[in-house]
Amino acid sequence: MIIIITGTPGTGKSTVSKLVAEKLNAKLISINSLLDNYDLNLGTDELRGYKMVDTESMIPIVDKIKEENNELIIFEGHLAQDYPNADMIIVLRCDPLVLEKRLEPRHWPERKVKENVSSEILGICTSESYETYGDIVQELDTTDINANETADILSEIIIGNKEFPLGNIDYLEKYFTYLQ
């Protein structure tokens, strides 16, 4: 079984995924580890400063990891939702103003921070996840909960004790003026 944990940078994916993998004794793979261990880096987007991932080549690699492991796999990353063969996908969300504060210590260019905050307002990761997975997508707001609390909730979602269906998180109305 493979579970994707995705979301805008700064929502807690990496930190929480490690905790969930430990709690559930799952194998953890991340987009960043795949970039480092396989030749999936297509270069850097000069304008945005992002590493470009060869998601087409990523799919058979993740499929092979899934086949070779008879255990629960947590697949974490901003672009993990581009993998089409998961059993569950959870999108981590965060209030855009809190997200902006979380991104400040990364010392990214203002343009990159604004782009990520705008993506969160628009729900881009949720939308992209829904395009591939439909109603099996769940989303959790991490704004007011710490990493351990988030990991506990995600563990409960994965084992089927809780649900956080789409449609309960919407930042667009509240932050529409931010986008202008």
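**Strand E6 and its surroundings**

Q: How do E6 and strand E7 pair, and over how many bridges?
A: In this predicted model, E6 pairs with strand E7 (residues 137-141) in the parallel sense. Five bridges join the two strands.

Q: Which residue of E7 stands opposite Ile 90?
A: Gln 138 in E7 stands there.

Q: And strand E1, which sense does its pairing with E6 have?
A: Parallel. E1 covers residues 2-7 and pairs with E6 over five bridges. Thr 6 has Val 91 of E6 as its bridge partner.

Q: Is E6 mostly covered or mostly open?
A: Mostly covered. E6 takes in residues 88-93, and six of its six residues are buried.

Q: Which residues point which way from E6?
A: Met 88, Ile 90 and Leu 92 point one way. Ile 89, Val 91 and Arg 93 point the other way. Both sets are buried.

Q: An arginine in there. What does the Arg 93 side chain meet?
A: Glu 120, in a salt bridge of 2.8 Å, N to O.

Q: Is Glu 120 buried or exposed?
A: Glu 120 is buried, and Arg 93 is buried as well.

Q: What else is linked with those two?
A: Glu 139. Arg 93, Glu 120 and Glu 139 are linked in a network of salt bridges.

Q: How many salt bridges in the whole structure?
A: Six.

Q: Which one involves Asp 87?
A: Asp 87 meets Lys 66, side chain to side chain, at 3.9 Å, N to O. Lys 66 lies in helix H3, while Asp 87 lies in the loop between strand E5 (73-76) and E6, so this pair ties together parts that are 21 residues apart in sequence.

Q: How open are those two ends? 
A: Lys 66 has 25% relative accessibility and counts as partly exposed. Asp 87 is partly exposed too, with a relative accessible area of 37%.

Q: What about Lys 64, which side chain does it meet?
A: Glu 68. Their salt bridge is 3.8 Å, N to O.

Q: Why are Glu 68 and Lys 64 separated by about one helical turn?
A: Because they are four residues apart in helix H3 (residues 55-68).

Q: Glu 68, buried or exposed?
A: Exposed, because its relative accessible area is 55%, and the cut-off for exposed is over 50%. Lys 64 comes to 49%, so it counts as partly exposed.

Q: Switching topic. How much space lies in the largest pocket?
A: About 560 Å³.

Q: Which lining residues are closest to its centre?
A: Pro 9, Lys 13, Asn 32, His 78 and Arg 106, out of 22 residues that line the largest pocket.

Q: Which helices and strand each supply at least two residues of the lining?
A: Helix H1 (13-23), helix H2 (31-37) and strand E4 (51-53) are those elements.

Q: Which residues form a nonpolar patch on the surface?
A: Leu 122, Ile 124, Leu 172 and Phe 176 form one. Together they have about 330 Å² of accessible area.

Q: Where is Leu 122?
A: In helix H5, residues 110-122. Leu 122 has 47% relative accessibility, so it counts as partly exposed.

Q: Backbone next. What is phi of Asn 25?
A: Near 55°. That is a positive value in a residue other than glycine. Asn 25 sits in the loop between H1 and strand E2 (27-30). Asn 25 counts as exposed, at 66% relative accessibility.

Q: And phi of His 107?
A: Positive, about 55°, although His 107 is not a glycine. His 107 is in the loop between helix H4 (96-103) and H5. His 107 counts as exposed, with 71% relative accessibility.

Q: Last one. How far apart are Glu 22 and Leu 97?
A: They are 30 Å apart in space, C-alpha to C-alpha, and 75 residues apart in sequence. Glu 22 is in helix H1. Glu 22 is exposed, with a relative accessible area of 64%.

Methods
Residues numbered from 1 in each chain as written. Predicted model: local features only at pLDDT ≥ 70, side-chain atom pairs only at ≥ 80, totals over all residues. Heavy atoms only, no water. Buried < 20%, exposed > 50% of the residue type's maximum accessible area, 1.4 Å probe, protein only. Pairing = 2+ DSSP bridges. Patch = residues over 30% accessible without salt bridge, like charges linked within 9 Å, V, L, I, M, F, W, Y side chains within 5 Å. Areas by Shrake-Rupley, 256 points an atom, 1.4 Å probe, with all protein chains shown as cover. Salt bridge = Lys/Arg side-chain N within 4 Å of Asp/Glu carboxyl O. 1 Å grid on protein atoms, 1.4 Å probe; cavity = no way out; pocket = protein on both sides within 12 Å on 5 of 7 lines; lining within 4 Å. Points joined across faces, edges and corners; volume = space filled by probe spheres on them.
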